[in-house]
Amino acid sequence: MKRLVINTIEKKSHINKEIYGHFSEHLGRCIYEGLYVGENSDIPNVNGMRTDVVEALKKIRIPVLRWPGGCFADEYHWKDGIGPKETRKKMINTHWGGVVEDNSFGTHEFMELCRQLGCETYVNMNVGSGSVQEMSEWVEYLTFKGVSPMADLRKKNGHEEPWDVNFIGVGNENWGCGGNMRPEHYANEYRRYSTYCRNYTDKKMYKIMGGPNVDDYNWTETTMKTIGKSGTYPADLISGISLHYYVHPGGWENKGSALDFDRDEYYETIRKAYYMDELITRHGDIINQYDPEKRIGLIVDEWGTWYRVEPGTNPGFLYQQNTMRDAIVAGVTLNIFNQHSDRVQMANIAQLVNVLQAVILTDGADMLLTPTYHVFDMFKDHQDAELLASYIENEVIGTEKEKVPEISQSASIAEDGSITITLVNASDDKDETIDVIPVEYNAKEVKASILTGEMHDHNDFTNKEKVKLADYTDFKLESNGHITVKLPAMSVVSLKVC
Ligand code: AHR
C-alpha cells in the first residue's frame, strides 16, 4: 500500500479552468466536418456547427478554444473569411494537405461556435505573413463597439455588437513555420505588434508571446530578456508566453504508430509525457528571473501525442487513433499542469477533433469519444479549484530500457469545500492500493469513476465504447478518515470527496 498525503489546508495555487483548454486549426477534418458542417448539411447542426460534437464538448466544460492555428495562423488573412460565403476567397492550405480552403469558416463562425460551446475565445494572429495593420484591424473588428471602419464593417456583415476576445496570440511558432525568426528579432516584432493590439474595452486583453519549441531555453531567455523585467515595459505589453511540446515515440523523423506499439514504446511514450514537468520547471526558472511575481503565464497552447497518421489517410491531415496509452498521457500531463498551476495559466491540447490527440473522432455523421475525452471529463472538477499540497510514496517502473514513475496524482479543493483527487497508474501489469490521507478534513462521502483497459484498447466506428468511463466502487472510506482505493494497472481514477 502506498500513502498519498493531502494537506487540505495548504492551498498552493489556483488551477485556472483554461488549463483544460483546446485547440482547433484549419487542418484535416478538425474544422470542416469535425466542428463545422454548414447550415445545409444533413448532419444535425445549429448555424452550421454539428450538434453532437457541441453537446459532447459542453459536457466536459470546454473552457477555451484556440483558433485558427497553428502554422495556419501565420498564413491566414482574416478578411478572406468574412462577408457573404459565396464571395469569400478560396485558397490552398499549403501546410496541411494542399487542399482548398474556401474560408466558409471564418471569424463570425468561430465566435458562433464558442457562443454555442459557452467557452472563452483565443484568437491567434498572423505575424509571419501578416502586418501590424492587418492584426490591429482584426482586433478592432472583433472588439470595438463604437464608430470605426472595422466596427462598421462588422455591423455590415450582420454583427452589431463586438465580441469578447479573451486571449490573443501574437504569431505562432515564429522560430519555425511562423517565419523562421531569431528570438531577438521576434521579441522586437512582438513588442511592435502587441503595442497596436489595442484594448477597446475595460477588460485588459491577455496577450501571448510566441514561446519556445520544447527545450529551446535560449528562445525563452532571449525573448524574455528583450521584453525586459516586469515594471520596465508598459503593463499591457505581455500576459503570457507559449510553450509547444509534442510526445512522439520513436522521435520526430520516425514516429511510431498510434495502435501498433510494444511495451518499450508504451513506456517511452509515458516517459516523454513526464518530460513536460522538466520543461515547465526549466522554462519557468528562466521566466522567474524576469517576472518573479509570476504575472506572466506559461501557456502550453500545443501539447499531446503525435504519431504516424492512420494508414490510408492523407499524411497532411494528421488523423490518428487514440488508445488507453493516450489516456495515461493525458492524465499524467494534466496532473503536471495542476501541480504547476502557479505558472501554467492555460494549456490547449492539440487538437479538438480528428487531428492528433483528439477528444472526438468523426466519420461523416457518426461520432465517437476517445479515451482522452474521458480523462478531460474525469478531471473537469479541478477547473478553477485550488491546488492542494500533496505527497505520494512512489516508485519507478517500466522495462529494462524505459523507466517512469508509477503513479501520477494531483488534488484540489473547490469553493464548496469538495476535494477532487486524480490518480493515474501508468503500470501495465501492477495493481496498486493507495491509502489516501486527507489531513485536516472530515470526509463524509466519496464518489469515484474509473477509466481502464489494456494499453492498445481504443474506440472505433465498429465499437465506439470499448473504452468508457465507469462509476467505481473499489474504495473504502475508513473510520479514521483515510480512503483506501485500489488503482488497477493502466487506469485513471478520479475521486470526489466531500
Ligand atoms: O498541431 C499541428 C501543428 O503543430 C501546428 O500547426 C503547429 O503550430 C505545430 O507545429
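Student: What should I know about the model before we start?

Tutor: It is a predicted model, in which local features need pLDDT of at least 70, side-chain atom pairs count only at pLDDT 80 or more, and totals for chains, interfaces and linings use all residues. Residues are numbered from 1 along each chain as its sequence is written, and side-chain values use heavy atoms, with hydrogens and water left out.

Student: How many helices and strands does the chain have, and what makes a run count as one?

Tutor: There are nine helices and 26 strands. Both are DSSP runs numbered from the N terminus: a helix is H or I with at least four residues, a strand is E with at least two.

Student: Why is the chain called as compact as a globular protein of its length?

Tutor: The globule rule is 2.2 Å times the number of residues to the power 0.38, and the radius of gyration is taken over C-alpha atoms. For 498 residues the rule gives 23 Å; the chain has 22 Å, which is close, so the description applies. Its C-alpha atoms fill a box of roughly 70 × 55 × 45 Å along the principal axes.

Student: What share of the residues count as buried?

Tutor: Of the 498 residues, 61% do. Buried means under 20% relative accessible area, exposed means over 50%, and partly exposed lies in between, with a 1.4 Å probe and protein chains only.

Student: Why is Glu253 called exposed?

Tutor: Its relative accessibility is 75%, so Glu253 counts as exposed. Glu253 sits in the loop between strand S11 (240–247) and helix H7 (263–290). Its C-alpha atom is 39 Å from that of Glu293, 40 residues apart along the chain.

Student: How do you know that the buried residues of helix H4 are on the same side?

Tutor: In H4 (residues 149–156) the buried residues are Met150, Ala151 and Arg154. They cover an arc of only 100 degrees around the axis, so they lie on the same side of H4. The arc is that of the directions from the helix axis to the C-beta atoms. Pro149 and Lys156, on the other side of H4, are exposed.

Student: What do the buried residues of H4 pack against?

Tutor: They pack against helix H2 (107–117) and helix H3 (132–143). Contact here means heavy atoms within 4.5 Å. After H4 comes Gly158, with a positive phi near 100 degrees.

Student: Why are Arg61 and Lys294 called partly exposed?

Tutor: Arg61 has 39% relative accessibility, so it counts as partly exposed. The relative accessible area of Lys294 is 30%, so this residue is partly exposed as well.

Student: Which peptide bonds are cis, and where?

Tutor: One joins Trp67 and Pro68, with omega of about 5 degrees. Another runs from Gly69 to Gly70, with omega near 20 degrees. Pro68 is in the loop between strand S5 (64–67) and strand S6 (91–93), and Gly70 is found in the loop between S5 and S6.
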